Every structure is written in structure tokens, then in C-alpha cells.
Amino acid sequence: MALLQISEPGQSPNPHQRRVAVGIDLGTTHSLVAAVRNGVAECLPDGEGRVLLPSVVRYLAGGGRQIGHDATQALHTDARNTIASVKRFMGRGLADIAQAGKLPYDLVGNGTDRGMVSIETVGGVKSPVEVSAEILATLRYRAEDTFNDDLYGAVITVPAYFDDAQRQATKDAAKLAGIHLLRLINEPTAAAIAYGLDNASEGIYAVYDLGGGTFDISILRLTQGVFEVLATGGDSALGGDDYDAALADWVLTQLGLEAHTPADKAAARLAARACKEALTATEMVAFSAMLAGVEVRFDVKRSDFDAATAELTARSLAVVRRTLRDAQLARDEVQGVVMVGGSTRMPQVQRAVAEFFGREPLTNLNPDEVVALGAAIQAHQLAGNNMAGDLLLLDVIPLSLGIETMGGLVERIVARNETIPTAKAQDFTTYKDGQTALAIHVVQGERDLVQDCRSLARFELRGIPPMVAGAARIRVTFTVDADGLLSVDAREQISGVEARIDVKPTYGLSDDQIARMLQEGFATAAQDMQARALVEARVDADRMLIATQSALDADADLLTEDDRAAIDARMEALRILMATASDAAELEAATQALAKDTEPFAAQRMNRGIRQALAGKNVQTL
Amino acid sequence: MNLQSDDFELFGVPRRFAQERSALDARWKELQREAHPDRHAASGGAAQRQAMQWSVRINEAYQRIKDPMRRAAYLCELHGAPIRAEDNTAMPGDFLMQQMEWREALEEADSLAQVEALEDQVRQARRVALERCADLIDQQQDFAGAARQVRALMFIARFALDIERRLEQLGQ
């Protein structure tokens with residue numbers, strides 16, 4: 001009789017199977033990559049020991065580019081082609097960009113006022129998705145160099161208040177950078193993980209996250225490794241950049257000056273930022289910049305800065321108030337306030353938050369790093385490196401989802417702050433005899449009129465069997481997955497016909513556009529696309545084989561002998577193909593076949609798991 | 001038990017109105033700890049899809065079962081007395097008068113104190129309606145009667161939102 005090998009709980013059976021999984025904080029101002037090494041999450045430095053990668057990409061004539069520190073040098077000298085704070089353009093149209101005229105870029109809208117904004121550079125027209133992908137790819141290489149191994153996958157963080165279009169744009173950027181996205185998680189939630197696990201906290205916490213370009217507030221309940229988001233709110237266009245701009249405006253007004261050229265605009269902002277940073281430690285500092293070839297100097301007191309930006313801080317606190325109301329909590333029920341994001345270093349922000357909650361905020365972790373560290377912990381667990389980990393995130397959708405109905409009104413489908421994943425079904429019928437198609441316009445926001453909400457996409461359902469008006473019963477299911485992303489499917493209930501759906505994202509990239517960018521060998525110009533596809537297919541096949549084997553190890557008793565034999569045969573076929581295949585499509589098909597054949601097994605395993613969870617502790621009432 | 005089980009079976013609690021919120025919260029987390037897609041991230045596509053379905057189902061059940069009004073509506077439906085608020089407006093007899101009085105009171109209120117007093121009244125009415133629901137469902141098994149109470153509760157919930165909006169206007 002063969003003896004079973006049993007490994008220590010929580011230990012991976014084979015150290016070589018440990019997968020490189022990282023957390024990436026794709027920030028407005030700078031980005032970071034972190035990983036769990038020897039049980040501890042830490043940020044990975046570049047070759048020169050620097051952890052922060054400035055989120056700046058400079059495009060050069062002839063197709064070259066500089067990323068990070070190299071590019072920041074050019075912020076003054078080549079402002080037009082040196083893209084900073086690109087996160088603010090993700091999933092946004094030209095009309096959405098506040099004060100576009102104050103930015104040193106040539107922004108172009110796509111079509112009329114539809115589609116994501118692009119940036120005209122000397123290296124061609126660039127989508128914000130491409131710019132972000134450059135940053136992500138740089139961090140991916142950093143991680144791969146650090147571990148001298150391929151990256152298995154990454155958890156990438158987004159502001160909690162990002163809408164569907166902004167999340168989708170981030171996911172597309174990961175795809176362009178050749179990163180297997182394990183999960184998109186919300187920045188405040190990631191910060192809560194790092195804090196909560198570090199301090200073994202339990203109870204209700206607020207995370208106040210003021211970054212370079214976005215503001216988030218999340219209220220969480222922490223219990224035994226479960227991070228339950230009770231409510232989230234924010235402003236995806238409020239951050240340190242706005243403090244810089246407000247200060248620059250104030251100083252220029254005092255001097256009676258105006259910045260016209262891209263170089264002057266950039267210079268005024270950079271001088272304001274330097275001023276802001278210095279004012280954290282001192283009471284007075286000189287604003288100095290070269291404007292129109294003339295050196296300008298002006299003394300700024302901290303109280304001037306506070307006054308010039310008081311409106312911004314107040315705006316953030318109004319959001320905090322609303323979010324507490326959504327969570328149905330009073331301020332004094334919050335047991336701790338965590339400060340995240342470099343902009344929370346500003347003394348006036350710390351003071352305002354402390355006054356609001358009546359307690360000093362927690363700042364013992366580096367506000368620049370805490371988000372990436374939390375993401376790394378989550379990535380470590382999602383990659384299966386920490387089988388004993390009992391971390392669980394129960395996050396929410398930040399903004400309500402609805403559909404357009406007659407008269408431009410919004411019918412709400414999924415309410416904000418509902419726990420994800422979630423799905424809602426809605427029945428529709430036809431308006432005319434023989435109608436075979438139906439268009440559904442999905443919007444996101446809290447207002448009653450379509451025009452006041454953000455348009456996400458138009459879904460066109462086709463292939464509805466012709467019937468008399470009002471006879472068809474089309475059930476449309478809106479699903480929001482654990483990344484916070486929406487998908488839609490539809491079925492005519494009487495005939496059972498599945499409708500075909502064409503998605504026209506309002507501010508996103510179409511599949512064709514992404515395919516084209518991938519074709520253009522984006523960020524991986526040196527790599528042969530086909531070779532890369534084959535490598536990825538091999539990784540997927542391997543992942544599927546390992547998953548199936550561990551499922552068999554745990555629950556093979558659920559299978560009949562025939563079922564088991566069929567699965568074994570599929571696995572063997574896939575193993576052989578992995579060693580010999582030269583065509584990615586063939587290997588993908590075999591992986592899919594195994595996935596399909598193990599579907600009923602997966603269902604049985606899940607049922608067993610749920611039953612066991614219920615049997616474990618039966619709720620005793622009365 | 002499977003994806004088609006009702007909310008009470010899924011949560012392993014008796015099928016009745018009276019429930020302990022803390023027990024439901026704890027059970028929700030136990031179930032999600034088992035079913036959430038993140039717990040199956042390394043287990044391939046089939047398991048992911050299963051996890052997604054279960055996780056969605058558990059959240060759906062939790063949203064409904066934890067909210068007393070929705071729980072009452074659900075029990076009425078399970079017992080053949082659907083709420084059908086869109087085409088059935090039957091409410092408890094004395095409630096219609098009450099509605100009109102409240103609407104008038106909110107229109108005429110011009111101070112914070114007046115609106116807050118109204119808010120207290122509405123809160124109290126909600127409590128009473130929920131107590132009646134509990135009695136009609138758990139003791140008398142009068143589901144048609146409970147459905148009328150649920151319609152009243154739905155009105156109360158909408159009216160509470162109007163009050164909240166008004167309080168916001170009055171700068172609170």
C-alpha cells in the first residue's frame with residue numbers, strides 16, 4: 001500500500017512551486033511594487049535602491065521612451081511629451097478633464113465627445129492605458145529581476161471610488177503590460193490589510209486616503225482576518241495635484257502673473273509642489289520658479305497655504321460625513337483612523353481629520369508604501385503561496401449602477417455600497433412586433449437623470465426570437481465581479497435563446513483597440529508575440545494541471561471511476577501537449593477541455609465545502 | 001443544499017421572521033470564507049465560476065435576510081402572498097390617513113426641530129409595523145396581512161428618505 005505524503009499545514013509541498021506574486025500600487029504621482037518575502041511584505045527597490053517609481057513617461061521622437069526617474073528630468077524641458085499624473089485620464093473623456101487648459105499636454109478627444117482622451121506626443125498619439133502599461137511593465141521587470149523568475153501574477157490597486165470605466169482601463173493596462181491580473185483591489189482596503197494585520201486590530205476603522213490625484217474614504221469592520229467594507233466614498237478628482245494647483249494659482253494671483261506656455265504651466269506647478277512639501281516641516285518657504293525666462297520669488301507662509309487650500313480639505317471631509325451616514329455610523333464609533341497617501345503628510349490635513357474624528361490618526365506605516373504592502377499580502381495569498389492564510393476581503397461597489405429608461409430616467413439595478421460580487425436580474429420585453437434586438441444603456445452614479453450620471457456602455461442584445469410586442473421576456477443579468485467590473489448577459493425566457501451582446505464602452509477601449517496595441521508590440525517590443533503567447537498558454541496549462549491535481553487530492557471520493565478516468569486521461573493529454581506543443585491555440589484548447597470536463601467536479605466540491613461550513617457551527621437560536 | 005436553496009436553508013436558520021442579526025452576520029462571513037472567488041483563486045476556471053455563483057448567491061441571501069422589511073417580504077412570497085407593490089396598494093386601514101398627515105407635516109415643517117420630531121414619529125411607526133409583521137408571520141401565519149404591513153413599511157422607507165433629504169437641506 002502506498003503511503004500518502006502529507007505536508008505541514010500552511011506549507012507549500014514543493015518550495016519550487018512558490019509563485020512570484022506582487023502587489024502594485026499604480027499611483028498618480030508614483031508607483032510601487034511589493035512582495036511577501038520570508039513571510040514579510042516589503043517594497044522592491046530598483047537597481048539604485050529606490051522604491052518609488054515616478055509615474056512619469058516621456059515619449060521621444062522615433063519611438064523611444066523614458067520611464068520614471070529618467071523621465072522626471074524632462075518635466076521642465078520637454079513638458080509636452082512628458083506625461084505625469086496619467087491616472088487622472090484613465091477611463092475619462094476630454095470633457096471630463098478639469099482645467100485641461102492648465103496642463104502642458106495636447107489632449108485629443110476621440111470622435112465627438114465620446115471615448116477616452118488621448119495625448120498627442122512626439123512619439124505618436126498615446127492612450128492613458130498605454131502610458132500606464134509602460135509604468136506597470138517597468139515594475140514587472142523590476143519584480144522579475146529581483147526574483148530572477150517570471151511573474152506569476154499581480155494584485156493592482158485602484159482608488160475605491162474608481163468607476164467601471166476607470167477600473168476597466170487599469171485592467172487593460174495590465175493586459176498590455178503582459179501581467180496576469182490576480183485581482184483589482186481598492187487602495188484603502190489594501191492599506192487596511194497592511195495596518196490590520198500589522199497591529200492585529202479588530203473593530204471599525206476609517207481609512208482616509210488622499211493621494212496625488214484621488215481621494216478615498218472607506219469604513220471597514222475588521223474581524224478575525226475578514227476585512228468587511230461597510231461603505232466607501234470619494235472624489236476621483238481630488239488630490240495633492242489640486243493642492244499644488246491651488247497654491248500655484250494663489251501665488252500667481254499675488255504676483256499678478258499668468259502662466260501661458262506648457263513650460264510655464266509645468267514650472268509653476270512644480271514650484272508649488274516643492275513649496276508644499278517644504279511647508280510640512282517649516283512655517284515659511286520661498287516659492288521660486290522661472291516663468292517666461294524670468295526668475296520669480298515669493299515667500300509663502302504655511303497659513304497662506306492652509307487658506308488657499310482650505311476648500312479642498314473641507315471637500316474631503318464632506319465626503320467623509322456622507323460615507324459615515326451610508327455606513328450608518330457616528331464618528332465616535334470609529335475606533336481608528338488610518339492615513340494613507342503622500343498628501344496626508346500635509347499638517348492641515350492631519351489636523352482637520354483629527355478634529356473631525358476627535359482622535360489622532362494612525363500614521364505609523366509609511367503612507368506611500370502601505371497600499372502596495374497590503375496588495376502584496378493579498379497577492380501572496382491569491383497565488384496560493386499561503387494556504388493557511390485566512391485573509392478575506394469583502395469589498396463593495398462604490399457607485400450605483402443603473403440603466404436608462406423612458407424619458408432619460410435612471411432605473412437603479414445595483415445600489416452603491418453593496419458587497420461584491422453581486423448580480424441582479426431584470427426582465428425586459430419588446431416594444432414592437434417581431435423586434436429581434438434591444439439596446440441597454442448602462443450608467444453609473446447616484447443621480448436620477450441619465451445626463452447627470454456617467455455613461456458606461458451600451459449593450460446591444462441581438463438574436464431575440466421574433467414575437468408579438470410585449471410577448472418576449474428577456475432576462476438581463478448584471479454581474480459585478482470581485483474586481484468591481486460589470487458584465488451583462490441576457491436570455492429570452494420563453495424560448496431559452498441566449499442573446500448575443502455587443503458592448504460599446506463609452507470611455508473604454510474596444511477589444512480591437514487593445515489587440516492593435518498588443519500587436520504593436522507595446523512595452524515588449526523585443527519579444528516575439530507568438531513566443532509569448534505560447535509561454536502564456538504553457539503557464540495557464542500548468543496552472544490548470546496543478547489546480548486539478550490538488551482538487552483530486554482533496555476530494556477524489558466525489559467522482560465515479562469513469563469520471564475519474566476521464567479526468568486522468570485529459571490531464572495526461574494536456575501534460576504531453578505541454579511538452580510538445582508549438583501552437584498556443586492548440587494548448588489553450590486542451591486546457592479549456594480539461595476545465596470544461598472538471599466543471600461538474602468543481603460544482604460538487606463547492607457544494608461539499610458549503611455544507612461543511614454550515615455543519616461546522618450550527619446557529620443556535622432559542 | 002444547493003444554489004436553489006432558499007435564504008433560510010442557505011444560512012442554516014429557521015424559516016421565520018425573528019432572527020438574530022449577529023448570528024446572520026457571522027454565518028455570512030463563514031459562508032463567504034468558503035465560497036468567495038478569492039478563496040479559489042489558484043484553482044482554475046471551473047472552480048472560479050462555481051465560486052462566483054455561490055458568492056453572489058450568498059450575498060443576495062444576506063442582503064435580503066438581514067433587512068427586516070425585505071425578510072418579511074420574502075417570507076410572504078415564500079408563503080404565496082407576494083407583495084406586488086407596483087399593482088397592489090392594499091395597506092392597513094388606518095395607514096392611509098397617517099400617510100397624508102405625514103406628507104402635510106413634512107411640507108409645512110420649516111425648522112430642524114419639526115422635521116426631527118417627524119423623523120422620530122416615522123421611526124416609531126416603523127418599529128410598530130415590524131412588530132406587527134413579526135406577530136402576523138411567526139404567530140398567526142397571516143401572510144396576506146403581513147404583506148399589507150410590508151407595503152406600509154415600503155412607504156415608510158421612501159418617506160424616511162424624503163425626511164433625510166430635507167434634513168440635509170436644513171443643513172444637518
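**Close-up views of a predicted model**

**View 1. Strands 8, 9 and 10 of chain A.** Strand 8 (residues 106-108) and strand 9 (residues 118-121) of chain A form an antiparallel pair over three bridges. Opposite Val108(A) stands Ser118(A) of strand 9. Strand 9 pairs in the antiparallel sense with strand 10 (residues 124-126) of chain A as well, again over three bridges. Ile119(A) faces its opposite residue in strand 10, Lys126(A). The link from strand 9 to strand 10 is a hairpin through two residues.

**View 2. An open five-stranded sheet of chain A.** The strand order is 18-13-14-15-19, and the pairing is mixed. Strand 18 (336-340) and strand 19 (392-394) of chain A are the edges, each pairing on one side only. On average, neighbouring strands of this sheet are turned by 25 degrees against each other, direction ignored. Helix 9 (residues 347-357) of chain A packs on the sheet, where the helix touches strand 13 and strand 18. The directions of helix 9 and strand 18 make about 160 degrees.

**View 3. Strands 13 and 14 of the sheet in chain A.** Strand 13 (residues 203-210) and strand 14 (residues 215-223) of chain A pair over eight bridges. The sense of this pairing is antiparallel. Tyr205(A) has Leu220(A) of strand 14 as its bridge partner.

**View 4. Helix 8 against helix 9 in chain A.** Helix 8 (residues 302-326) of chain A packs on helix 9 of chain A at an angle of about 40 degrees. Their axes are 10 Å apart. The two helices are therefore oblique to each other. Helix 8 passes helix 9 in a right-handed crossing. From helix 8, the contact is made by Asp306(A), Thr313(A), Leu317(A) and Val320(A). Helix 9 contributes Gln348(A), Val349(A), Ala352(A) and Phe356(A). By class, this contact has five nonpolar, two polar and one charged residues.

**View 5. Arg331(A) in its loop.** Arg331(A) lies in the loop between helix 8 and strand 18 of chain A. Within 10 Å there are 14 other C-beta atoms, so Arg331(A) is partly exposed. Leaving aside neighbours within four places in sequence, Arg331(A) is in contact with Leu324(A), Phe356(A), Phe357(A) and Gly358(A). Gly358(A) is 27 residues from Arg331(A) in sequence. In space the two are 8.1 Å apart, C-alpha to C-alpha.

**View 6. The contact between chain B and chain A.** Chain B gives 33 residues to the contact, and chain A gives 37 residues. Helix 2 (21-35) and helix 3 (44-66) of chain B each supply at least two residues of the side that touches chain A. Helix 3 provides the largest share of that side, twelve residues. By class, the side of chain B that touches chain A has 15 nonpolar, eleven polar and seven charged residues.

Technical notes. Residues numbered from 1 in each chain as written. Chains lettered and ligands numbered in written order. Predicted model: local features only at pLDDT ≥ 70, side-chain atom pairs only at ≥ 80, totals over all residues. Pairing = 2+ DSSP bridges. Helix = DSSP H or I, 4+ residues; strand = E, 2+ residues; numbered from the N terminus. Axes fitted to C-alpha atoms, helices over the stretch in contact; angles between N-to-C directions. Contact = placed C-beta atoms within 7 Å. Parallel < 35°, antiparallel > 145°, perpendicular 65-115°, else oblique. Left-handed = near helix turned anticlockwise from the far one by under 90°. Nonpolar A, V, L, I, M, F, W, Y, C, P; charged D, E, K, R; others polar. Buried ≥ 20, exposed ≤ 12 C-beta atoms within 10 Å, placed from the backbone.
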